[in-house]
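These are my notebook entries on a single model, kept in the order in which I looked things up.

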Amino acid sequence: FNPGVVLSVASVICYGFYAVITRMVSRVDSNQTSLFYGNLVGAVAMLGIAAIKVLLATFARKWRGLGPD
């Protein structure tokens, strides 16, 4: 069993949902609106991931005794 397979399948499922939803929304909204909201969701998701990464790195440094108390 390879965990990469699970990630690949999850990626295909997410892309499928994205393609279907984009086609449905394109009947109502313009391309610029879809682009704006797609970028907004991506930016918020990456901001959350970056915050978690910084917090984990800070915790690891303090746990090892390398960071300020």
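Which side-chain polar atom lies 2.8 Å from the backbone oxygen of Val54? I found that this atom belongs to the side chain of Thr58, and I count the pair as a polar contact (N or O atoms within 3.5 Å; within protein, one must be able to donate a hydrogen and the other to accept it, and residues adjacent in sequence count only if both atoms are side-chain atoms). Thr58 has its place in helix 2, where helices are DSSP runs of H or I with at least four residues, numbered from the N terminus. I noted Thr58 as partly exposed, at a relative accessible area of 35%; buried means under 20%, exposed over 50%, and partly exposed in between, with a 1.4 Å probe and protein chains only.

Before going on, I recorded that the model is predicted, that local features need pLDDT of at least 70 and side-chain atom pairs count only at pLDDT 80 or more, while totals for chains, interfaces and linings use all residues. Residues are numbered from 1 along each chain as its sequence is written, and side-chain values use heavy atoms, with hydrogens and water left out.

Helix lengths came next. Gly65 follows helix 2 and has a positive phi, near 80 degrees. For helix 1, its 23 residues should span 33 Å, and the end C-alpha atoms are 33 Å apart, which agrees. At the start of helix 1, I found a side-chain oxygen of Asn2 within 3.1 Å of the backbone nitrogen of Gly4.

I then searched the whole structure for aromatic pairs and found 2, taking rings of Phe, Tyr and Trp (its six-membered ring) as paired if their centres lie within 6.5 Å, with planes under 30 degrees apart stacked, over 60 edge-to-face and the rest tilted. Tyr15 and Tyr18 form a tilted pair, 6.5 Å centre to centre with 35 degrees between the planes. These two residues are 3 apart in helix 1, about one helical turn; Tyr15 is exposed at 58%, and Tyr18 is exposed at 52%. Phe36 and Tyr37 form an edge-to-face pair, 5.2 Å centre to centre with 70 degrees between the planes.

Last, I looked at the largest pocket, whose volume is about 220 Å³. A pocket here is an open set of points on a 1 Å grid where a 1.4 Å probe fits, with protein on both sides within 12 Å along at least five of seven lines, and lining residues have an atom within 4 Å of a point. Its lining includes Tyr18, Asp29 and Tyr37. Helix 1 (3-25) and helix 2 (31-64) are the elements that give two or more residues to this lining, and helix 2 supplies the largest share, 6 residues.

Technical notes: Grid points are joined across faces, edges and corners, and a volume is the space filled by probe spheres set on the points. The expected span of a helix is 1.5 Å times one less than its number of residues.
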